[in-house]
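Me: I'd like to learn how to read a few features of a structure, one at a time. Could you walk me through them?

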Amino acid sequence: MGVDEFLDTLLERVREILDVDTAVVLLLDRQRRFLVAAAAKGIEEEVSQAAHVPVGQGFAGRVAAERRPVYIADVPTAGVYNPLLVQRGLRSLLGVPLIVGGRLVGVLHVGALTARRFTPDDTEFLQLAASRAAMAVQGLQNRAERSGALELQRSLVPSALPDIPGADLSARYRPGKADVGGDWYDVFTLPSGEIGIVMGDVAGHGFAAAVVMGRMRSALRAYALETDDPAEALRRLDRKMQHFEPDATATVLYAICEPGLGRIRLSSAGHLPPVIAVPGEPASIVDTKPDVLIGMGDEIPRRTITIDLPPGGLLCFYTDGLIERRNSSLNTGIDRLCAAVTAGPAEAVGAAVMAALIGRWQAEDDVALLIVRRAPA
């Protein structure tokens, strides 16, 4: 069942067993400020009208704030917050909190059109139903959120890499085992004919991180059309995020490649340096010092460096999920990555990197990998 179907079934059973006229579940919103009607029986307009109650106010808000059962013997004289309860003609209400793992999820309440004294057995039953509902709702919400975040993230990662003359590209994206995060990569052609390349990682996990990632991706694409300086584009992105998403932070690397990929300008907002491989030489990380993360201060100067990529040369962009392991240092992971990268065909290099660093291991964190190779002479 989905959340809606489960709650509808639960409320119908509760209403039959307690012989009440209405049964409602209100769930706490993301900001944990309001209770929002999610399902209702006998007073369906609560859901259709998107009824919501501030935590701490009214009947349901009091149940949520005090986290204990609350009984109202006479609704018309009780000063309830939601006018629908009075308009429906309810006389008596009993509400209990939905709590799982010590965390408030919402409120379940039932009502009668005639004066009724709810017994201790009634209260005990409603608390039992609320306990089961809280666990089920949290599980169903987590499943739905992960599925939604995964679909959002996949929709924002390029479904196909662009066909760029003189360039050979390959990419991999693998969601983490624990939860969906905010990793993304992007490749696009600019009006000048240059190529924009982005690799980023939003702090956090779940649907919220995926949403922030989508907003960052769109904003950076817009700034890429306004300036040909990667550092300036990241500065504008930082300013935008601090104003509209003050709690968000991310590492982002933005590079602009000249047509033919011979010269590349790049700037890093706290992101891991790319790996470069040229024919006949071992791979190594690009010598660049990352600037501060996005969300940490747009007044701090950002720098753009320029690197040359000879014919047959290759750049490997990635997120930390590829190299980070609990039992080893970040430098060890970078060394393993450099050992796996060669100046060969992009698809073969991508497969070799995933085999060497992921293999059969299911990564805890998201993994994003982008290989860009300049055509051999």
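Reply: Gladly, starting with helices. Helices (H or I, at least four residues) and strands (E, at least two) are DSSP runs, numbered from the N terminus. Here, Ser48 belongs to helix α2, which covers residues 45-48. This is a predicted model, in which local features need pLDDT of at least 70, side-chain atom pairs count only at pLDDT 80 or more, and totals for chains, interfaces and linings use all residues. Residues are numbered from 1 along each chain as its sequence is written, and side-chain values use heavy atoms, with hydrogens and water left out.

Me: Is Ser48 buried or exposed?

Reply: Buried means under 20% relative accessible area, exposed over 50%, and partly exposed in between (1.4 Å probe, protein chains only). Ser48 has 61% relative accessibility, so Ser48 counts as exposed.

Me: How many disulfides are there?

Reply: A disulfide is a pair of cysteine sulfur atoms within 2.5 Å. By that rule there are zero disulfides.

Me: Which domains make up the protein chain?

Reply: Domain bounds come from an automatic or database domain assignment. The chain is divided into domain 1 (3-150) and domain 2 (157-374). Their centres, taken over C-alpha atoms, are 46 Å apart.
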